[in-house]
Number of protein chains: 2
Amino acid sequence: MEAAGITYRDRARDDGVEALVDDMERRSKSDEFAPYAPPYLVERESGFGIAQVAHIVTWLTDRHGLGAGDGSKDLHLIQLQLTISDMVAEVHNVHHPIAGGLYFDDQKDAAIRAAEAFREERIPKFFDHFETALGICDGPFVAGTKWSHVDTSLFQLVAGLRYAFPNRMAAVESDYPRLIACSNAVSTIEGIAAYLASDRRIAFNEDGIFRHYEDLDPA
Amino acid sequence: MEAAGITYRDRARDDGVEALVDDMERRSKSDEFAPYAPPYLVERESGFGIAQVAHIVTWLTDRHGLGAGDGSKDLHLIQLQLTISDMVAEVHNVHHPIAGGLYFDDQKDAAIRAAEAFREERIPKFFDHFETALGICDGPFVAGTKWSHVDTSLFQLVAGLRYAFPNRMAAVESDYPRLIACSNAVSTIEGIAAYLASDRRIAFNEDGIFRHYEDLDPA
């Protein structure tokens with residue numbers, strides 16, 4: 001939304017977490033749309049609501065004419081976005097391998113083992129896939145010179161992994177020149193550059209999906 | 001596809017796993033579509049390929065006119081399908097909490113803890129959500145009297161969870177009458193009934209996502 005200049009209000013930040021929980025509770029009792037979990041987006045004029053990150057960005061792409069202008073390419077972009085979602089879910093599982101409801105310290109031993117497999121096997125496997133996808137067009141973006149929801153998600157993924165696994169990322173980044181070039185190109189999109197310099201950009205922290213724990217990224 | 005009478009060939013079964021691996025390798029080196037992982041579907045006439053379960057069923061729905069006939073409702077169905085995907089990923093994490101590349105026995109202690117949280121917290125949370133969604137229309141399906149990809153996926157989810165967690169499912173099923181009614185209704189769809197009675201229906205086993213290990217579902 002920042003890249004496309006779509007205005008929005010972040011209700012979780014503006015109104016607080018309790019208001020968000022109340023809103024979800026109210027929606028789950030209505031006879032209409034209900035999200036399973038945040039994030040979800042509600043269109044101001046229509047009241048239409050939608051959840052699931054890959055679904056939200058796909059819907060926004062459609063609604064605001066941000067697609068590649070080619071049905072097959074747009075479908076390929078959705079597929080890549082779903083694969084990004086899978087990798088993000090694995091990032092979360094690394095620090096919470098046993099259960100999302102337990103503290104990190106209560107599953108730290110398992111997390112250390114999960115992190116090793118994630119660093120050694122999963123990062124290269126996912127990155128190989130994204131690097132290949134970025135090679136189909138001439139770049140810097142997956143669909144060529146026009147950015148899409150996949151590129152902005154790849155940017156966030158790279159940024160998050162640099163925060164969570166700085167040692168591992170420093171070791172592998174040179175193997176993925178297209179991915180890094182894509183990430184750099186996203187950071188210079190006018191709306192994204194403004195967003196990154198604003199207080200709307202929340203710093204990565206240990207309450208989010210991308211968390212830095214030294215034990216999970218040894219030097 | 002079985003419910004809708006769409007003919008297909010299961011290439012992984014017909015041609016074997018090696019042929020599948022070769023096909024994926026070839027696709028990853030082409031300048032077109034490439035799946036990150038199975039399953040993926042290739043349309044015979046067009047050669048168009050698509051991966052990611054939620055994406056495949058959404059595309060099939062569109063392509064074969066199987067939607068609810070209402071844009072908002074179809075979007076709601078996709079959202080539910082993505083939430084089913086999330087639950088299925090958690091089912092896999094229960095028996096492989098540390099890494100997909102390690103044997104179950106090498107992560108059994110972690111799996112036992114993960115299974116407890118999944119049985120006690122995650123099954124009710126997801127099922128509550130599906131039960132609520134099934135209450136919006138009069139049933140037996142999410143969109144009313146017409147089945148959708150969400151209903152067939154809920155059927156498979158219930159069947160898989162009954163296989164993997166028979167004790168837990170026996171204890172909770174009566175709390176979710178709409179979910180069980182939906183699952184029963186799917187099993188009587190003509191194409192599904194024929195499929196279930198055929199050798200195309202592969203029995204659940206310990207190589208799949210839904211696995212039964214007694215330690216993960218104590219009596």
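Q: How do the axes of α5(A) and α8(A) cross, and how close do they come?
A: In this predicted model, the axes of α5(A) and α8(A) cross at roughly 70° and come within 8 Å. Axes are lines fitted to C-alpha atoms, for helices over the stretch in contact, with angles from 0 to 180 degrees between N-to-C directions. Helices (H or I, at least four residues) and strands (E, at least two) are DSSP runs, numbered from the N terminus.

Q: Roughly parallel or roughly perpendicular, then?
A: α5(A) and α8(A) are therefore roughly perpendicular to each other. Angles under 35 degrees count as roughly parallel, over 145 as roughly antiparallel, 65 to 115 as roughly perpendicular and the rest as oblique.

Q: Which residues make the contact?
A: On the α5(A) side they are Phe127(A), Phe130(A), Glu131(A) and Thr132(A), and on the α8(A) side Pro177(A), Arg178(A) and Leu179(A). Contact means heavy atoms within 4.5 Å. By class, this contact has 4 nonpolar, 1 polar and 2 charged residues. Ala, Val, Leu, Ile, Met, Phe, Trp, Tyr, Cys and Pro count as nonpolar, Asp, Glu, Lys and Arg as charged, and the others, Gly among them, as polar.

Q: And at what angle do α6 and α8 of chain A cross?
A: Helix α6 (residues 149-164) and helix α8 (residues 177-187) of chain A cross at roughly 105°, with axes that come within 8 Å. That is why α6(A) and α8(A) are also described as roughly perpendicular to each other.

Q: Who meets whom there?
A: From α6(A) come Asp151(A), Thr152(A), Leu154(A), Phe155(A), Val158(A) and Arg162(A), and they meet Leu179(A), Ile180(A), Cys182(A), Ser183(A), Val186(A) and Ser187(A) of α8(A). The residues of this contact divide into 7 nonpolar, 3 polar and 2 charged.

Q: Quick aside: how should I read the numbering and the cut-offs?
A: Residues are numbered from 1 along each chain as its sequence is written, while chains are lettered from A and ligands numbered from 1 in the order in which they are written. Local features need pLDDT of at least 70, side-chain atom pairs count only at pLDDT 80 or more, totals for chains, interfaces and linings use all residues, and side-chain values use heavy atoms, with hydrogens and water left out.

Q: Changing topic: what lines the second largest pocket?
A: Its lining has 28 residues, and Thr58(A), Ile78(A), Thr58(B), Asp62(B) and Ile78(B) lie nearest the centre of the pocket. On a 1 Å grid over the protein atoms alone, a pocket is an open set of points with protein on both sides within 12 Å along at least five of seven lines; a cavity is a set where a 1.4 Å probe fits but cannot get out; lining residues have an atom within 4 Å of a point.

Q: Which helices supply the lining?
A: α3 (53-63) and α4 (71-95) of chain A, together with α3 (53-63) and α4 (71-95) of chain B, each supply at least two residues. The largest share, 7 residues, comes from α3(B). The lining of this pocket divides into 11 nonpolar, 12 polar and 5 charged residues.

Q: What volume does that pocket have?
A: The second largest pocket has a volume of about 740 Å³. Grid points are joined across faces, edges and corners, and a volume is the space filled by probe spheres set on the points.

Q: What about the largest cavity, which residues line it?
A: Val91(B), Val94(B), His95(B), Ala164(B), Phe165(B), Ile209(B), Arg211(B) and Leu216(B) do. About 30 Å³ of space lies in the largest cavity, and α4(B) gives the most to its lining, with 3 residues.

Q: Where are the cis peptide bonds?
A: One joins Gly139(A) and Pro140(A), with omega about 5°, and another joins Gly139(B) and Pro140(B), with omega about 10°. Pro140(A) lies in the loop between α5 (108-133) and α6 of chain A.
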